[in-house]
Amino acid sequence: MAAPTLPSTPGTEAAASFGFDVALSTAIKSNGHAPAVAPVLAGPLSAHLLDRMHRYWRATNYLCIGQIYLFENPLLRIPLTASQIKPRLLGHWGTSPGQNLIYVHLNRLITERDANIIYISGPGHGGPSLNANAYLEGSYTDVHPEITQDENGMRLLFRTFSTPGGIPSHCGPHVPNSMHEGGELGYSLVHAFGAAFDNPDLIVACVIGDGESETAPLEGSWKSNSFLNPIDDGAVLPILHLNGYKISGPTVQARTSDDDLRALYTGRGYKPYFVEGDEPLAVHQLLAAALDACYEEIRSIQHTARSGDSAHQPVWPMIVLRTPKGWTGPKEVDGIPIEGTFRAHQVPLETVRENPEHLAILESWMKSYGADELFDERGALITELADLAPVGNRRMGGNPHVNGGRLLTALDLPNFTDYALEIPGPGEVVAEAPRKLGEFFAEIIRRNAHNFLLFCPDETNSNRLNAVFEATSRRFMAQTVSIDDRLSPDGRVLEVLSEHCCEGWLEGYLLTGRHGLWSSYEAFAQVVDSMVTQHAKWLEQCRDFNWRKPLASLNVLLTSHAWRNDHNGFSHQSTGFVDNALARRSETIRVYYPPDSNCLLSVFDHCLRSRNYVNIVTCGKQPQLQWLTMDEALEHCSRGASIWKFATNDGGAEPDVVLACAGDVPTIEICAASWLLQKHVPGIKVRVVNVVDLTALMMPDAHPHGIDTMSFDALFTTNAPVVFAFHNNRWLIHSMVHGRSNEARFHVRGYMDRGTTTTPFDMVVLNEMSRYHLAIDALRHVPRLRVQAASVIDAFEAKLFEHHAYIREHLEDMPDIRNWRWTSDFQTATEPPPLAKGHPRAALFSDS
Ligand SMILES: Cc1ncc(C[n+]2csc(CCOP(=O)(O)OP(=O)(O)O)c2C)c(N)n1
Ligand SMILES: [Mg+2]
């Protein structure tokens, strides 16, 4: 790699690429904050406009510093004293001047072109910047009327920033010009593309920090251009902000030469425009020129594509912006350089309350922006500058795409019961549950041509949702060849082998007011555990602001799950996605385990109508026994949990044991356990309870779906032992039933992270959740049947032994497992099954 060569005269090299010369006057060079005199500087901005924009930028920078430091004296109209400084100094200065610069310039683009632009702040720790810009354009006051555009409002803005009961230091739902938190770095570009899909008029300006650009999700986001259709989608304008540093070190890309960066981004299908410098007036001209060029290029790409009859992947423009971190801040403090270094990242002067010299530096630093000339007597931005901001919905804080619920329209949903699977009796039909769901989705896609997208890491077929390809194809903008299967530029299924892209695109799409889902292998959904957590946090915080309108829920379908990844093996067997989501943000999370095809349809219909949740639906794709008719499924799903009468023989009285289950494989094993018990233990009274909405188990004060005590006891009784087969880890059920009557009677079996490539039944045996384990548990917890049970337990244990030997010899499950069906004729077989030959019980699991 070539050594980095930053331009010797900042801006000149880049200016030449726009076709104009930069002749920097000494005066401009030596004083970045000085009110502009007509500079000897060419570029698209007239001297007057340049001067006004520069002053507007100064106002935004001033407001950022005020937010970090002051809780009184916002306009420094009296001498600054230590008592006016906040006791805890929190906030990020370093990123703010660069982001302010970009925002001010986007404002110009919007007003001059009447452009529809929104702003995504990758380094969302630059909260002061977004707040300041929303405040100056008036959108902040629209949603927080107490923060008036005068001295008192400014004082309140400063006081509330990063203080208890106030607003956080990062971007967040509180600020009207953001749909992106940017706290956990890496997701700005995927959010931007998600926002641009199906928004043909929209341009999403996406600021990417150079530190952020080192994250894996961000590195992986650039390929999103292979999925953006210039005809039906909007555009994303990436602005890579190379301010040189992250928290305490340089960034890789800041130390990479322009040539190498150009090669990198050209290779990724972008055309980079370089804007570089530390002389504000020169940089203003360069950035204005770059934005003009990018805007024209974007519109020209779109015009060409929209007036032709075919779309291909264009080369989209992007901007590489090199400006100093903490630009216009103190150059040095106590002999240590600050501006343009990592030391400007957060609070450049940390001891202003204690150190009078530092206080004086802060005061002169703030005064260097000349607030007196920027704000009028009342403390409002002077009209000459306020007029630079766009108005109404064109303001980036007024644009409805940033508050997507304002644009949300309900999906046109077909009647899901039309996709019912015919069920002559429980357990009589074997089917792949997602097949019918695929047909349902296909019709949704037909009816909602611009409002619904399906994202998937390359598994739509594998997940048995193939029917969607009767309605649409896979979106693909890059080259195709004749043997490709169902690729087209306008496909409504976006398949990319990146869970980060799937999750992030969907988030961006939903946050801008549309609908969708992504489907994944259960184990690999965990790759984006943290993204989902962050999205749920965003949704939760939105509840505090009634002007943030409800969004469509984020739906995740996990259909290649742990229990039936027996062919793929241990790496593909993991159930933790739900654990993480529930442990962190249970109020916003809904968790469904539909046991069969008809329940899956009913659950999904509900999820697609819901708002402001993360719905996680787990249902296997392999051929499985099907249980409920559509009518039964409807009733079951609307209850969340119910007694399955066909598998129950307690006659409505207190059973000996409750057999409970959540998950499709656990349902099979529990039904089979019920069958075994009824068949081999005459007189036993069992009750089968299936749980489809997992959080129904929780106490109502712990989760909104938690069922009340009477309903819970009506299902599980108050005293009977409960043997619970669960798709996921045992502890989850134990923690959920905490507080229910006699909770120690819950005996849970679930996924124990034991697996390998083996037979389907061996998976449940390895995790000790097989029908035999469950039936043995049940018998051990029914004292009344202890004598009678002993020989049956022996026989069931023998079956496990037999299984162990059989699969090693025949390489598949035993016929009575493979071919097992629910039957309700228990009259003939009341004897325990014979013991297997030898039956060395002690050796049962010796080598498994
Ligand atoms: C995923 C993630 N890892 C680590 C951090 C901690 N962190 C906060 S800011 C920051 C540096 C960001 O640098 P950059 O993206 O260049 O932003 P800027 O220089 O504009 O402040 C880091 C590492 C984080 N917020 N997110
Ligand atoms: Mg940086």
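**Exercise 1. The ligand site**

Which of the 16 residues around ligand 1 come nearest? Work out how the ligand is held in this predicted model.

*Solution.* Start with the shell. His125, Gly183, Asp210, Gly211 and Lys325 are the ones that come nearest to ligand 1.

Next, go through some polar atoms of the ligand. One of its oxygen atoms sits 2.6 Å from an N or O atom in the His125 side chain. A nitrogen atom of ligand 1 is 2.7 Å from a polar backbone atom of Gly183, and a nitrogen atom of the ligand is also found 3.1 Å from a polar backbone atom of Leu185. Now check the cover: on its own, ligand 1 exposes 590 Å², and the protein buries 75% of that.

Finally, sort the shell by class.

**Exercise 2. The nonpolar cores**

How many residues does the largest nonpolar core have, and which of them have the most contacts inside it?

*Solution.* The count for the largest core is 178 residues. Those with the most contacts inside this core are Tyr69, Ile319, Phe375, Leu694, Phe716 and Phe724. Now ask where the residues come from: helix α11 (residues 280–307) gives the largest share of this core, 13 residues.

Then zoom in on Phe724. Leaving out residues up to four places away in sequence, Phe724 touches Ala660, Cys661, Ala662, Val691, Leu697, Ile733, Phe746, His747, Val748 and Arg749.

There's one more step, as a second, separate core turns up with 82 residues, including Ile445, Phe469, Tyr592 and Phe761.

**Exercise 3. Buried or partly exposed?**

Take Ser597, Glu276 and Asn415 in turn. Is Ser597 buried or exposed? Does Glu276 count as buried or exposed? And which side chain does the side chain of Asn415 contact?

*Solution.* Ser597 belongs to helix α20 (residues 597–609). Its relative accessibility is 1%, so Ser597 counts as buried, given that buried means under 20%. For its neighbours, skip residues up to four places away in sequence: Ser597 touches Leu421, Ala433, Lys436 and Gln626.

Glu276 is placed in strand β4 (residues 270–276). Glu276 also counts as buried because its relative accessibility is 3%. As for a partner, the Glu276 side chain makes a polar contact with the side chain of Arg322, at 3.2 Å.

Asn415 is in the loop between α14 (383–386) and β8 (429–432). With 42% relative accessibility, Asn415 counts as partly exposed. The side chain of Asn415 makes a polar contact with the Thr417 side chain at 2.7 Å. Now look along the chain: Asn415 and Asp605 are 190 residues apart, yet their C-alpha atoms are separated by 8.6 Å.

**Exercise 4. Positive phi**

What is the phi of Ser162, roughly, and where is Ser162 placed?

*Solution.* Begin with the backbone angle. Ser162 has a positive phi of about 55°, although it isn't a glycine. Its place is in the loop between α7 (151–160) and α8 (188–196). Ser162 has a relative accessible area of 13%, so it is buried.

On to Asn742. You'll find Asn742 in the loop between α24 (730–736) and β22 (746–749). At 37% relative accessibility Asn742 counts as partly exposed, whereas Ser162 is buried.

Definitions and conventions: Residues are numbered from 1 along each chain as its sequence is written. Chains are lettered from A and ligands numbered from 1 in the order in which they are written. This is a predicted model: local features need pLDDT of at least 70, side-chain atom pairs count only at pLDDT 80 or more; totals for chains, interfaces and linings use all residues. Side-chain values use heavy atoms; hydrogens and water are left out. A residue is near a molecule or strand if one of its heavy atoms lies within 4 Å of it. A polar contact is a pair of N or O atoms within 3.5 Å; within protein, one must be able to donate a hydrogen and the other to accept it, and residues adjacent in sequence count only if both atoms are side-chain atoms. Accessible areas come from the Shrake-Rupley method with a 1.4 Å probe; for residues, only the protein chains shown count as cover. A nonpolar core is a set of buried Ala, Val, Leu, Ile, Met, Phe, Trp, Tyr and Cys residues joined through side-chain atoms within 4.5 Å. Buried means under 20% relative accessible area, exposed over 50%, partly exposed in between (1.4 Å probe, protein chains only). Helices (H or I, at least four residues) and strands (E, at least two) are DSSP runs, numbered from the N terminus. Contact means heavy atoms within 4.5 Å.
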